[in-house]
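Reader: I've got a structure open and I'd like to talk through some of its side chains with you. Shall we take it one question at a time?

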Amino acid sequence: MSTASTGYEARQLVRARKHTTQTSGLAPGYVQANLAILPSAQAADFLRFCSLNPKPCPLLGSTEPGDWRLPRLGKDIDIRTDLPKYRIWRNGALEREVPDIKDYWRDDLVAFLLGCSYSFEEELLRAGLALHHHERGCDVPVYRTSIPTTPAGPFSGPLVVSMRSFKPADAIRAIQITSRMPAVHGAPVHIGLPESIGIADIDKPDYGTAVPMEPGELPVFWACGVTPQAVVEAAGLDFCITHAPAHMLVTDLRNSDLAVL
């Protein structure tokens, strides 16, 4: 894996195509962000969707139409080049994945950056809590639920959650730690009994990788940044761009800056 000691260094590696894979563990201590880019005609509704659903859509920043810069989130950010992989969507369907979006950029596009669970995972690891998907070197399991989001304009759909399993005492500690970080999804939305939130088989995630739970562990579910990607897909927009799962923008914000207590 590439190494970077700051968010700026991480973005330079990505822009130079020296880092082309998922960004977990890149520039430890720095906030990473999910990305959604929409035409300005839908931007106001999407902004309202984020404000109505802050757990899955914690907004860190957005751009003016046509502007690819985000100075509040980092030095010299170019949203067109500084993520390792992007997804291009047309009419609600995935068209392709690309390493940059310069050829797709338009003057009417607005970029939204949303908090990512990588930030709270770093804090969980610092506290000595085990994350099984890290131990296995795979993506976290992610599920569509039966919990509805609050709709705004064309944007609606179920809440999507990520799952990490812990022994009961560690689950309590995980709740305490993540409650301090509402800008990156905050406290869990559900603990135990996956069927009560519409998850029929915890061994068959809708996204990510199935990660077995150890005996005596509870599944703990956090609101996930895949939610806005799923509702954008369901809205069937003529055109939009998102990050590829696990391929985030590394910002200059520090995880410690987001703690509220």
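Reader: Which residue has its charged end over the ring of tyrosine 30?

Author: Keep in mind that this is a predicted model. The charged end in question is 4.4 Å from the centre of the tyrosine 30 ring. To count as sitting over a ring, CZ of Arg has to be within 6 Å of the ring centre and within 35 degrees of the ring normal. The residue that sits there is arginine 254.

Reader: And how far is lysine 75 from the ring centre of tyrosine 8?

Author: Here the lysine lies over the face of the tyrosine ring. From lysine 75 to the ring centre of tyrosine 8, you get 4.6 Å.

Reader: Let's move to ring pairs. How many aromatic pairs does a search of the whole structure find?

Author: One of them is phenylalanine 46 with phenylalanine 112, 5.0 Å centre to centre. Searching the whole structure gives a total of 5.

Reader: How many residues apart are phenylalanine 46 and phenylalanine 112?

Author: Phenylalanine 46 belongs to helix H2 (residues 40-52), while phenylalanine 112 belongs to strand S5 (residues 109-115). The pair therefore links distant parts of the chain, and the separation is 66 residues.

Reader: Which residue do ring pairs link into a cluster with Phe46 and Phe112?

Author: Phe46 and Phe112 are an edge-to-face pair, with 65° between the planes. Ring pairs also bring one further residue into their cluster, Phe155.

Reader: What about tyrosine 143 and phenylalanine 221: is that pair stacked or edge-to-face?

Author: The two ring centres are 6.3 Å apart and the planes are at 75°. Planes over 60 degrees apart meet the cut-off, so the pair is edge-to-face.

Reader: Where is phenylalanine 221?

Author: Tyrosine 143 is in strand S6 (residues 142-148), and the pair links distant parts of the chain, 78 residues apart. Tyrosine 143 is buried at 1% relative accessible area, and phenylalanine 221 is buried at 0%. Phenylalanine 221 itself is in strand S9 (residues 218-223).

Reader: Last one: which side chain is joined to that of serine 165 by a polar contact?

Author: Serine 165 is in strand S7 (residues 158-166) and counts as buried at 7% relative accessibility. Beyond its neighbours within four places in sequence, serine 165 is in contact with His132, Met213, Glu217, Leu218 and Pro219. The polar contact, at 2.8 Å, is with the side chain of glutamate 217.

How values were computed. Residues are numbered from 1 along each chain as its sequence is written. This is a predicted model: local features need pLDDT of at least 70, side-chain atom pairs count only at pLDDT 80 or more; totals for chains, interfaces and linings use all residues. Side-chain values use heavy atoms; hydrogens and water are left out. Helices (H or I, at least four residues) and strands (E, at least two) are DSSP runs, numbered from the N terminus. Buried means under 20% relative accessible area, exposed over 50%, partly exposed in between (1.4 Å probe, protein chains only). A polar contact is a pair of N or O atoms within 3.5 Å; within protein, one must be able to donate a hydrogen and the other to accept it, and residues adjacent in sequence count only if both atoms are side-chain atoms. Contact means heavy atoms within 4.5 Å. Rings of Phe, Tyr and Trp (its six-membered ring) pair if their centres lie within 6.5 Å; planes under 30 degrees apart count as stacked, over 60 as edge-to-face and the rest as tilted.
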